[in-house]
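Subject: Structure for you to look at

Dear colleague,

I am passing on the structure we talked about, and below it you will find some notes on what turned up in it. Please keep it open beside you while you read.

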Amino acid sequence: MKQGVLAGRTAGLRPSQKRRLERLCHRRHPDDQVAELLCLQRLAGESRELELPLTLVVDGRGLCRLLWVGPLEQSGRLLERLPGSDRRQGTDLRLLTCCGRTKQLQPGRQEGIVGLDLAPRLWLRFGDQPQSGGHWPAQLLVAQPDAPDPWVSDDEADLLQLCNRDHLSIAPSHEPAATTAAGSPGQATSERVLLLVLTPGDRGAAQRLIAELEGLVGSAGALPVGVVEQRRSQVAPQTLWGEGKVLEAALEARRVGATLVVTDRELTPVQARNLERLLDLPVSDRSELILDIFAQRAASAAGRLQVELAQLRYRLPRLTGRGRSLSRQGGGIGTRGPGETQLEKDRRAIARRIERLQREVTQLGDHRARLRRGRQGLRRLALVGYTNAGKSSLLNALTRATEEQAVLAENKLFATLDPTTRRIELPEPVLVTDTVGFIRDLPPPLLEAFRSTLEETLEADGLLIVVDLSDPAWPEQWRTVNGILDSLGTVAPRRLVANQIDRCAAGEMERARALEPLALFVSATACLGLQHLRQELRSWPVDGGGTTNTTSER
């Protein structure tokens with residue numbers, strides 16, 4: 001018979017206590033009943049002595065797979081301790097929990113979430129001793145993840161009565177969402193993501209914020225499967241979201257089978273660890289998501305270089321040790337103590353790598369500066385704007401590029417990272433550069449790493465700010481782009497180019513004229529307004545006519 005595993009808060013147990021608990025791990029429960037009464041009575045005695053809850057995880061054959069000492073707090077720790085290759089046994093598992101001294105048999109929210117991850121057929125919960133008169137209160141629970149309370153009572157009776165029930169007659173009320181998702185065709189390779197967002201009071205702005213985050217998740221190759229949002233006037237410093245909302249998100253993640261939680265706010269290292277502990281799932285913030293998209297899109301050596309530098313700068317302060325091997329260096333003055341730990345070695349290695357990458361990025365900036373000096377004497381214009389606004393499509397349309405010459409233009413965020421310069425005749429030659437797209441709250445490490453790329457924008461004679469009129473959020477995106485340009489210190493004249501006029505809603509062109517009277521209207525894909533744009537660019541920004549210097553306050 002395969003022995004069960006004793007795990008949890010076992011560090012302070014006496015040898016005699018460990019031996020008694022291990023004997024309970026070796027007992028076999030009836031395969032046609034919920035549990036063996038004598039084993040549960042002895043489990044209750046140990047719980048009284050330790051003053052801790054105890055949980056048995058029993059498989060379909062009646063063998064104890066795990067005895068967990070202490071409360072159920074993180075499912076990952078339980079699942080990794082379950083012996084056998086197939087750790088998730090689905091509806092074959094039974095959870096048998098002695099709750100200790102508490103009279104409340106219903107599991108708490110955190111405990112209930114761990115129970116959902118284990119996905120048992122049933123969960124029997126009972127106190128550590130009978131009441132006066134011999135009645136031993138117990139409760140038999142089954143999971144209903146779609147209900148507000150994920151665990152509902154199937155029966156509440158004396159412990160003996162519930163132990164004698166046929167456990168196979170208790171039909172599981174759910175199929176684990178994660179198992180179902182992994183088995184569905186076409187979804188096996190897509191990571192399922194739950195979005196956790198702090199939304200403003202304006203419902204329209206909140207929907208646009210969520211839609212943008214969903215677009216980022218989709219661009220990273222993952223599948224957004226749910227949203228948990230909260231409006232808070234004051235954020236909680238430890239987690240940003242309130243603890244009740246975080247536990248609600250943990251439950252929702254189990255309902256939709258999410259394997260990752262993405263937040264719309266940048267998290268400090270402490271906040272990220274607190275959220276991962278409460279959600280019991282990996283957590284990424286919006287900045288890490290954008291960095292991941294950039295890493296996927298980087299096709300050139302220069303792009304990969306800048307992305308790696310940004311990622312290392314982001315990760316260095318978030319590098320944390322796990323376990324004794326990565327603990328802080330101990331000892332006292334001088335060289336006493338265990339010596340340099342793995343954590344310090346990792347930090348020093350990353351710092352050295354950042355220093356080397358920074359030198360290479362500086363060399364890249366010098367190389368691009370030499371290229372710009374070689375183009376002196378020609379007017380230089382830069383296409384800037386929010387990501388996926390149509391800058392690459394507009395460059396292809398202006399240059400009448402063939403399929404082989406065309407810049408990559410796809411309907412996804414950050415399709416282009418490397419600057420591309422093309423020459424057009426108006427009829428005098430003008431250089432037009434397509435640059436990397438902007439987005440709200442760009443991660444500072446990314447802006448710093450891509451400084452050499454953004455210098456193509458800073459050195460231009462004029463900036464054409466491209467917006468997508470078919471996106472209702474284009475005014476906010478326009479202001480975001482102007483704010484980033486202001487922060488970069490650019491003083492070049494700016495001109496608004498409103499794209500997608502063939503797909504925008506009625507009234508958007510008038511709205512654009514009201515905000516910017518000198519706006520230019522085009523459709524890069526339908527080739528509308530391009531001739532007028534060329535006419536305007538012949539004298540802009542040379543003679544000052546038609547030149548606007550839009551600021552972020554506008």
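The protein chain contains 18 helices and 17 strands, and please bear in mind throughout that this is a predicted model. Of its 554 residues, 51% count as buried. If you take the contacts in the protein chain with a separation of 6 or more, 68% of them are made by residues 24 or more positions apart.

The next part concerns a pair of helices. Helix 16, which covers residues 474-488, and helix 17, which covers residues 508-515, have axes that come within 11 Å and cross at roughly 35°, and the crossing is right-handed. On the side of helix 16 the residues in contact are Trp474, Pro475 and Trp478, and these meet Glu508, Arg511, Ala512 and Leu515 in helix 17. Sorted by class, this contact has five nonpolar and two charged residues, with no polar ones.

Which helix gives the largest share of the lining of the largest pocket? That is helix 7, with six residues. As for the classes in the lining, there are 10 nonpolar, five polar and six charged residues.

With best wishes

Note on methods:
Residues numbered from 1 in each chain as written. Predicted model: local features only at pLDDT ≥ 70, side-chain atom pairs only at ≥ 80, totals over all residues. Heavy atoms only, no water. Axes fitted to C-alpha atoms, helices over the stretch in contact; angles between N-to-C directions. Helix = DSSP H or I, 4+ residues; strand = E, 2+ residues; numbered from the N terminus. Left-handed = near helix turned anticlockwise from the far one by under 90°. Contact = heavy atoms within 4.5 Å. Nonpolar A, V, L, I, M, F, W, Y, C, P; charged D, E, K, R; others polar. Buried < 20%, exposed > 50% of the residue type's maximum accessible area, 1.4 Å probe, protein only.
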